[in-house]
2 protein chains.
Amino acid sequence: MSAPFQRLDHIAIIVRDTDEALTFYRDRLGLPLLFSQVMPDAPVRLTHLDAGGGVHLQLVQPLSAEHPLSAWLDKNGEGLQHLCFKVDNVAESMVTLPGLGLPVRNKQPHCGPNGRSAAMLELSATRGVQFEIASDPRPAAN
Amino acid sequence: MSAPFQRLDHIAIIVRDTDEALTFYRDRLGLPLLFSQVMPDAPVRLTHLDAGGGVHLQLVQPLSAEHPLSAWLDKNGEGLQHLCFKVDNVAESMVTLPGLGLPVRNKQPHCGPNGRSAAMLELSATRGVQFEIASDPRPAAN
């Protein structure tokens with residue numbers, strides 16, 4: 001049986017204001033800014049910085065008071081929120097992971113930046129650490 | 001001016017019991033176990049797993065009720081605790097980082113696994129994310 005994850009993809013940090021947070025992560029820590037995108041299917045801004053080794057820091061700014069991460073921010077303040085591991089195919093992992101004791105929270109994959117597909121695991125099964133899985137878009141068929 | 005950090009080194013996760021936690025991180029997630037060590041100068045067990053890209057997950061188990069992380073566990077439960085970035089020399093960084101707006105919590109470096117040197121930054125200056133710096137041992141002079 002192959003391992004459920006390929007490798008660490010990114011570490012998510014929830015922030016109240018991306019531009020203000022970048023004055024710390026980009027300007028003070030010197031981490032290279034890779035891209036910043038507003039997701040179409042959820043009011044959230046995702047900003048990636050290069051942490052080395054192909055691993056990114058992802059700044060996550062909820063853009064509406066109704067977004068669940070706005071309540072997370074009110075409770076916890078800015079800080080570490082989840083670890084995302086790369087998988088080959090999120091839709092396939094959503095089928096196989098529950099059988100490995102890793103239930104998935106989503107019914108459908110959600111959209112990550114750059115057309116990626118992603119899903120959250122059930123926090124109750126992962127010892128207090130929120131895990132996400134993500135996969136790259138399939139190459140278009142010719 | 002050079003960037004204050006080289007690259008992401010590890011992500012620390014506080015656990016109550018390392019052996020029990022390994023049944024999840026090693027056995028269920030399939031992350032390769034690299035080493036497990038009890039630190040001589042603090043009653044804490046540090047266990048590293050390979051997350052890919054040269055980045056480790058570090059399981060941190062406090063071994064006495066008086067260790068500050070025991071209070072952290074009682075308050076937060078198991079979970080993400082800090083990000084550690086590699087620097088060339090922790091002692092030198094402890095001198096230069098405060099001038100870059102990154103004050104250091106330690107007066108002296110503490111011992112990491114495998115003879116490494118480490119120090120914690122002041123949480124109040126790092127937007128809710130605890131940062132550590134670590135450097136490899138100096139090669140012995142001939």
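**Group meeting talk: two chains, one fold-by-fold tour**

Okay, let's start with a helix. In chain B, helix α2 (residues 68-76) lies across β1, β4 and β5, and runs at about 95° to β4(B). Some ground rules before I go on. This is a predicted model, where local features need pLDDT of at least 70 and side-chain atom pairs count only at pLDDT 80 or more, while totals for chains, interfaces and linings use all residues. Residues are numbered from 1 along each chain as its sequence is written, and chains are lettered from A and ligands numbered from 1 in the order in which they are written.

Now the terms. Helices (H or I, at least four residues) and strands (E, at least two) are DSSP runs, numbered from the N terminus. Contact is a matter of C-beta atoms, placed from the backbone, lying within 7 Å. For angles, the axes are lines fitted to C-alpha atoms, for helices over the stretch in contact, and the angle runs from 0 to 180 degrees between N-to-C directions.

Back to chain B. The other helix I want to show there is α1(B), which lies across β2, β3 and β4 (55-62), at about 150° to β4(B). What do those strands build? Eight strands of chain B form an open sheet with mixed pairing, in the order β2-β3-β4-β1-β5-β8-β7-β6. Its edge strands are β2 (33-38) and β6 (110-111) of chain B, each pairing on one side only. Pairing here takes at least two DSSP bridges between two strands. β6(B) has two bridges to β7 (residues 117-120) of chain B, running antiparallel, and in that pair C111(B) has S117(B) as its bridge partner.

Over to chain A. Its sheet is open and mixed too, with eight strands in the order β2-β3-β4-β1-β5-β8-β7-β6. β2 (33-38) and β6 (110-111) of chain A sit at the edges with a single partner strand each, so one side of each is left without a neighbour in the sheet. Further in, β7 (residues 117-120) and β8 (residues 130-135) of chain A run antiparallel, joined by four bridges; there S117(A) has S135(A) as its bridge partner in β8(A). As for helices, α1 (residues 18-25) of chain A lies across β2, β3 (44-52) and β4 (55-62), at about 150° to β4(A). Helix α2 (residues 68-76) of chain A lies across β1 (7-14), β4 and β5 (79-86), at about 95° to β4(A).

How are the two copies related? Superposing by least squares on the C-alpha atoms of residues with pLDDT of at least 70 in both, chain B goes onto chain A with an RMSD of 0.0 Å, a turn of 180° and a shift of 0.0 Å along the axis. The copies are thus related as by a two-fold rotation axis. In chain B, the residue that comes closest to that axis is G53(B), with its C-alpha at 2.2 Å.

Next, the contact between them. Chain B puts in 28 residues and chain A 28 residues. On the side of chain B that touches chain A, β1 (7-14), α1 (18-25), β3 (44-52) and β5 (79-86) of chain B each supply at least two residues, and β1(B) gives the most, with four. That side of chain B divides into 16 nonpolar, eight polar and four charged residues. For that count, Ala, Val, Leu, Ile, Met, Phe, Trp, Tyr, Cys and Pro are nonpolar, Asp, Glu, Lys and Arg are charged, and the others, Gly among them, are polar. Also, 100% of the interface residues of chain B are interface residues in chain A as well, so the copies meet through the same surface.

Now a few individual residues. Buried means 20 or more other C-beta atoms within 10 Å of a residue's own, exposed means 12 or fewer, and partly exposed is in between, with C-beta atoms placed from the backbone. G101(A), in the loop between α3 (90-96) and β6 of chain A, is partly exposed, with 13 other C-beta atoms within 10 Å.

Is R127(A) buried or exposed? Buried, with 20 C-beta neighbours inside 10 Å. R127(A) is in the loop between β7 and β8 of chain A, and its phi is near 55°, positive in a residue other than glycine. N114(B), in the loop between β6 and β7 of chain B, has phi near 60°, again positive in a non-glycine residue, but N114(B) counts as exposed, with 12 C-beta neighbours inside 10 Å.

Last thing, the core.  A nonpolar core is a set of buried Ala, Val, Leu, Ile, Met, Phe, Trp, Tyr and Cys residues joined through C-beta atoms within 7 Å. The largest one has 70 residues, and I13(A) and I13(B) touch the most other members. Not counting residues up to four places away in sequence, the contacts of I13(B) include V129(A), L57(B) and L59(B). That's it from me.

Key. Contact = placed C-beta atoms within 7 Å.
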